[in-house]
Amino acid sequence: MTVQVQSLAGRAAGVRGPGALRLAVCAATAAACAPYLCIKIAWLSGSTVGWNDAAEAENSVLYVGNAITMGMDAAAVLVACAFTFPWGRRVPAWLVLLPIWVATGLLVPIALAVPLGTLVQTLASAEPLTGSDNGLQGWVYGIVYTGFTLQGIGLLTAFVLYARERWPEVFALRTADVPAGPTRPLQVLLARGATVPAAVCAAVHLFWAFGGTAGLPHDQAVARTAPQQVLDGVWALLSLAGAAGLLALTGRARRPARFVVPLAAAWIGAGAMFAWSLYGLVVMLAASKALGADAAPGSGLVALGGVLTGLVVALTGAFLLAEHGGARRADQIARPMASSSP
């Protein structure tokens, strides 16, 4: 009986609840999602609040898009809760890593580009931040993109706190100390191969960031705003950082020494390439003028290249992590056996 009580006490002590910081981050992230969710619910319910032209809000493609994006924002709240409460540590790793990777790719460029782009547009131009001839009223963009920025900050903070608790060894590991597994030659080949399309896509986005319009759809080329150009520049830099981070991981670079630094660069860069490029392809395939789908072949090819390159970078990094995790578990199993031998 005493043994059973001690076991239950030890088990209860091992399951710690979230601290005040993690609860605050979770609550702030959920609060940042609330305005966007409210707008989407209103539109799906038939409201035209925030629209300049009520007829545009009746597009069936927009209805489907609103339902999907509302679901994605609701999923962000669920993911934030998984990062906060003890039940989240029992969720399979892939089930939390996949949505936060996509969310990172979508939200980090916004969190970086929107404040800077807004400042540039305010100081350098008298044009409205959202451009002219827009179906939505300006306040909608303000609420949505402010919310996205805060969501990005909140989700990444919650994820880092969660990851430090669930995978503490990743934060202590040194890049040069990661052993070479059997797939390392393939990892190096994929990393070097992904660098070329990543650089090409980044060059195109930098061209657009500095005012070029070749390859853009006509409606986008004639209505470019500073925030959009800054977003192109941020996307280009993140994609280059992702390719460089993967090269450092596969090459076991000694600088930066901490494994988590190039891992974070590869994670964010691959996510940005994949998520934003996939979003662009979906918009083109939706063929909706309300979504800005007057597509040009050049932008379509760049988007396709971004999707494939981001996916290759992500999968290569996943192979490396899975291989290292397997080797680490095998080493932990082998140690007790070796110590018990005569």
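A salt bridge is taken here as a side-chain nitrogen of Lys or Arg within 4 Å of a carboxyl oxygen of Asp or Glu. The model is a predicted one, in which local features need pLDDT of at least 70 and side-chain atom pairs count only at pLDDT 80 or more, while totals for chains, interfaces and linings use all residues. Residues are numbered from 1 along each chain as its sequence is written, and side-chain values use heavy atoms, with hydrogens and water left out.

**Salt bridges**

Three salt bridges are found in a search of the whole structure.

| Arginine 22 | Glutamate 165 | 3.4 Å |

Arginine 22 and glutamate 165 form a salt bridge. Arginine 22 belongs to helix H2 (residues 20-44) and glutamate 165 to helix H5 (residues 138-166), so their pairing ties together parts that are 143 residues apart in sequence. Helices are DSSP runs (H or I, at least four residues), numbered from the N terminus.

Burial is judged by relative accessible area: buried means under 20%, exposed over 50%, and partly exposed in between (1.4 Å probe, protein chains only). Arginine 22 is buried at 12%, whereas glutamate 165 is partly exposed at 27%. Arginine 89 is partly exposed, at 24%. Through shared partners, salt bridges join Arg22, Arg89 and Glu165 into one network.

In the remaining pair, aspartate 232 and arginine 224 are both buried.

**Nonpolar surface patch**

Tyr63, Val64, Ile68 and Met72 make up a nonpolar surface patch with about 400 Å² of accessible area together. Patches consist of residues with over 30% relative accessible area and no salt bridge, nonpolar side chains (Val, Leu, Ile, Met, Phe, Trp, Tyr) being joined within 5 Å and like charges within 9 Å. Accessible areas come from the Shrake-Rupley method with a 1.4 Å probe, and for residues only the protein chains shown count as cover. Valine 64 lies in helix H3 and is partly exposed, with a relative accessible area of 47%.

**Cysteines**

With a disulfide defined as a pair of cysteine sulfur atoms within 2.5 Å, the count is zero. For cysteine 81, the nearest cysteine sulfur is that of cysteine 26, 4.0 Å away. Cysteine 81 is partly exposed at 21% relative accessible area, whereas cysteine 201 is buried at 5%.

Key. Helices (H or I, at least four residues) and strands (E, at least two) are DSSP runs, numbered from the N terminus.
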